[in-house]
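Me: I'd like to go through this one with you before I set anything up. Can you take my questions as they come?

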Amino acid sequence: MATPDSVDPVRFLDGGCTCRHVRYRMTSAPMFVHCCHCRWCQRETGSAFVLNALIESDRLLLLQGDVDVVDTPSNSGKGQKISRCPHCRVALWSVYGGGADLIRFVRVGTFDEPDRLPPDIHIFTASKQPWVVLPLGALAVPEYYRSADVWPRAGLERRAAALAKTAD
Ligand SMILES: [Zn+2]
Ligand SMILES: [Zn+2]
C-alpha cells in the first residue's frame, strides 16, 4: 500500500503504452534508475540500451487497462516476466529473477515525461555500442554491481523493506 507520504502529486509519474489501453502511475520517485547496455536489452528493445526505473510494486498503480505477463528468458537464466499491453504489445515493466512481484523495472520510455528520470548508473557497459558516449563522470560498471555499494541509504532501506514482504 502506498502511504500518504509517498503519494505526492508533485512526484506523480504517469505513463502508458502506445495505444493508450494501459495507463499507470508511479506514486513516488523510483529507488534507482538503470541504463542497461547488455545485449539482451539491446535485442528486446531493438535499440542500443534500455532505461529502467526500479520501484516497489505497490507504488506502481494500474490506472486503466490490463497487462499480459509474458515469460521471457533473461541473461541471469532465472527469467523475467514482462508486462505488455495486450493490444499494442508495448513492454511497460519487468519483474526479474523468477521471484515474487516485489520490485518492478519500469521502462522509462513509456512515461509521459521520460526526461524526468535520467539514469543513476550505466550497467553492462562491456557491451555498450561504441557510438554511445557516456556523460563525463557518469557512474558506469562493465557488468552488474551490488546495490549496497552504490545506492543511497534511503533507496537501500526502501529496497530492504520491499524484499522483506512476502508474496501473499
Ligand atoms: Zn497498448
Ligand atoms: Zn540489460
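Me: How many residues sit between β7 and β8 in their hairpin, and which residue in the turn has a positive phi?
Reply: Bear in mind that this is a predicted model. The hairpin of β7 and β8 has six residues between the two strands, and Arg89 in that turn has a positive phi of about 70°.

Me: And how do β7 and β8 pair, in the parallel or the antiparallel sense?
Reply: Strand β7, which covers residues 80-84, pairs with β8 in the antiparallel sense, over five bridges. Taking one of the positions, Gln80 has Tyr96 in β8 as its bridge partner.

Me: What about β8 and β9, how many bridges there?
Reply: β8 is joined to β9, residues 103-107, by two bridges, and these strands also run antiparallel. Trp93 stands opposite Val106 in β9. β8 and β9 form a hairpin with six residues between them, where Gly97 in the turn has a positive phi of about 90°.

Me: Why is β8 largely enclosed by the rest of the structure?
Reply: Strand β8 spans residues 91-96, and five of its six residues are buried, so the strand is largely enclosed by the rest of the structure.

Me: Switching to the metal: which residues coordinate the zinc ion?
Reply: The zinc ion (ligand 1) is coordinated through the SG atoms of Cys17, Cys19, Cys85 and Cys88, at 2.3 to 2.4 Å. Along the chain these donors follow the spacing C-x1-C-x65-C-x2-C.

Me: What's the geometry of the zinc site?
Reply: The site of the zinc ion (ligand 1) is tetrahedral, with angles of 106 to 116° among its four donor atoms. For reference, the ideal angle for four tetrahedral donors is 109.5 degrees.

Me: How accessible are Cys19 and Cys88?
Reply: Cys19 has a relative accessible area of 40% and is partly exposed, and Cys88, at 28% relative accessibility, counts as partly exposed as well.

Me: Is Glu56 buried or exposed, and what about Arg158?
Reply: Glu56 counts as buried at 4% relative accessibility, and Arg158 is buried too, although its relative accessible area is 19%, which should be read against a cut-off of under 20% for buried. Glu56 and Arg158 are also linked with Arg59 in a network of salt bridges.

Me: Which residue forms a salt bridge with Asp149?
Reply: That is Arg146, with the closest N and O atoms 2.9 Å apart. Arg146 counts as exposed at 53% relative accessibility, and Asp149 counts as exposed at 55%.

Me: And where do Glu157 and Arg153 lie?
Reply: Glu157 and Arg153 both lie in helix α3, four residues apart, about one turn of the helix. Their side chains meet in a salt bridge at 3.9 Å, N to O, for which the cut-off is within 4 Å. Glu157 counts as partly exposed at 48% relative accessibility, whereas Arg153 counts as exposed at 66%.

How values were computed. Residues numbered from 1 in each chain as written. Chains lettered and ligands numbered in written order. Predicted model: local features only at pLDDT ≥ 70, side-chain atom pairs only at ≥ 80, totals over all residues. Heavy atoms only, no water. Buried < 20%, exposed > 50% of the residue type's maximum accessible area, 1.4 Å probe, protein only. Pairing = 2+ DSSP bridges. Donors = N, O, S within 2.8 Å, 3.2 Å for Na, K, Ca; no water. Tetrahedral: all angles 85-135°; square planar, octahedral: opposite > 155°, others 65-115°.
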